[in-house]
Amino acid sequence: MRVYFWGTRGSLPASITAETVRAKIIRAIKAAKAHNFDNDGDIEDFIDRELPFPVRSTYGSNTPCVEIKNGEEYVICDAGTGLRDLGNHHMKLIEQGLQRRNGSVFNIFVSHFHWDHVQGFPFFTPAYIPGNKVRIYGFHKNLKNFFVKQQNQPYFPVPLASMSADIQFIVLKPEKTYEISGFEISGIEQKHPGISYGFRFQKDGRTLVYSTDAEHKTSYDSSAREENYPFLDFFKEADLLIFDAQYDWNEAVLSKDDWGHSSYVAAVELAVKAKVKHLCLFHNEPTYTDERLDALLEDTRNYLKIYNDHQPHPMQIDLAYDGYDIKV
Ligand SMILES: [Zn+2]
Ligand SMILES: [Zn+2]
């Protein structure tokens, strides 16, 4: 399966400013000074090989939306602003004759209802097309009500009832395992204001866990986890763990304790204990610059070396960005 990140920013969208773009251009031109480029290919090579990620790119703006690609139906985690881009991409595929005009099925799994996880839905064009099927899954009892409310006056001009696709809401139970769109899916309740849920997807011997907006303590905390912490089972041997690591270490411990998010320290400790193969940090803090997010990724990789000292566990670590495409 493949995983495509349409939105990775936590809490609220974080647009890139003119000043930031200008600073990136200045750094790129400085780095290019000693080079002669004969063609566009040379320029592309230079960008990919010599410019660090925060100079050549950006971690992005959209709030959480992750697509799991395996099969004809769409499987999507959360409906943040990234869902709007997913919908627009789908419409482009129709124009190019690569998708059917209607009759597509979108399975959307919702972790919880904070704005950053649902605000893309009113802008999801395929939900306005008759003949499409939109299935919204979640563990909260008032699932439908929360979606209806965000489009009621005066919050949005178009009520949910005016969206022409066949939209259904399906409430799941965390103690059960479900077969949906060819995946075996289970959930877990997470510590977060108002409660959120993580999802575990399994298919063809591969496992992906989407676990965002969850607060976990670390081994440095006096109330540290016991060995039978349920998340160790939930994350167990995942091929990919998408994990809320919104804060760097200082913020998690000093000022944002009990805000409902985790640090990269908790991410590494849990992922190593659960023998995860690939850890992807997610729900990026909206106030962090690309450079600070890059430093956070570096700190996470360094912490793995320290934490791993006695019991080495090889694990790939990345930090998600809008447009990141991974094979799982
Ligand atoms: Zn969030
Ligand atoms: Zn939240």
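**Figure 1. Contacts of Ile-76 in the nonpolar core.** Ile-76 touches Cys-65, Glu-67, Leu-83, Leu-86, Phe-106, Asn-107, Ile-108 and Phe-109, leaving out residues up to four places away in sequence. The model shown here and in the other views is predicted. The largest nonpolar core has 69 residues, and those touching the most other members are Ile-76, Phe-235, Leu-241, Ile-242, Ala-267 and Leu-281. Helix 9 (residues 264-273) gives the largest share of this core, seven residues. In soluble globular proteins, nonpolar side chains tend to be buried together.

**Figure 2. The two domains of the protein chain.** Domain 1 takes in residues 2-12 + 59-327, and domain 2 takes in residues 18-56. The centres of domain 1 and domain 2, taken over C-alpha atoms, are separated by 32 Å.

Figure 3. Strand 11 covers residues 240-244, and five of its five residues are buried. In a regular strand the side chains alternate between the two faces of the sheet. On one side of strand 11 are Leu-240, Ile-242 and Asp-244, on the other Leu-241 and Phe-243, and all are buried. Strand 10 (residues 206-211) pairs with strand 11 in the parallel sense over four bridges. Ser-211 has Phe-243 in strand 11 as its bridge partner. Strand 12 (residues 278-282) also runs parallel to strand 11, joined to it by four bridges. Here Cys-280 in strand 12 stands opposite Ile-242.

Figure 4. Helix 10 (residues 290-307) has 18 residues, which at 1.5 Å a residue should span 26 Å; its end C-alpha atoms are 26 Å apart, so the two values agree. Asp-290, Leu-293, Leu-296, Thr-300 and Leu-304 are the buried residues of helix 10. These residues lie on the same side of helix 10 because they cover an arc of only 115° around the axis. Glu-298, Asn-302, Lys-305 and Ile-306, on the other side, are exposed. The buried residues of helix 10 pack against helix 3 (53-56), helix 9, strand 12 and strand 13 (316-319).

Figure 5. Glu-184 lies in strand 8, which covers residues 183-190. Is Glu-184 buried or partly exposed? Glu-184 has 13 other C-beta atoms within 10 Å, and is therefore partly exposed. Its contacts, apart from neighbours within four places in sequence, are Thr-177, Glu-179, Gln-202 and Lys-203. Glu-184 and Lys-203 are 19 residues apart in sequence, and their C-alpha atoms are 6.5 Å apart in space.

Note on methods: Residues are numbered from 1 along each chain as its sequence is written. Chains are lettered from A and ligands numbered from 1 in the order in which they are written. This is a predicted model: local features need pLDDT of at least 70, side-chain atom pairs count only at pLDDT 80 or more; totals for chains, interfaces and linings use all residues. Domain bounds come from an automatic or database domain assignment. A nonpolar core is a set of buried Ala, Val, Leu, Ile, Met, Phe, Trp, Tyr and Cys residues joined through C-beta atoms within 7 Å. A residue is buried if 20 or more other C-beta atoms lie within 10 Å of its own, exposed if 12 or fewer, and partly exposed in between; C-beta atoms are placed from the backbone. Helices (H or I, at least four residues) and strands (E, at least two) are DSSP runs, numbered from the N terminus. Two residues are in contact if their C-beta atoms, placed from the backbone, lie within 7 Å. Two strands pair if DSSP finds at least two bridges between them. The expected span of a helix is 1.5 Å times one less than its number of residues. The arc is that of the directions from the helix axis to the C-beta atoms.
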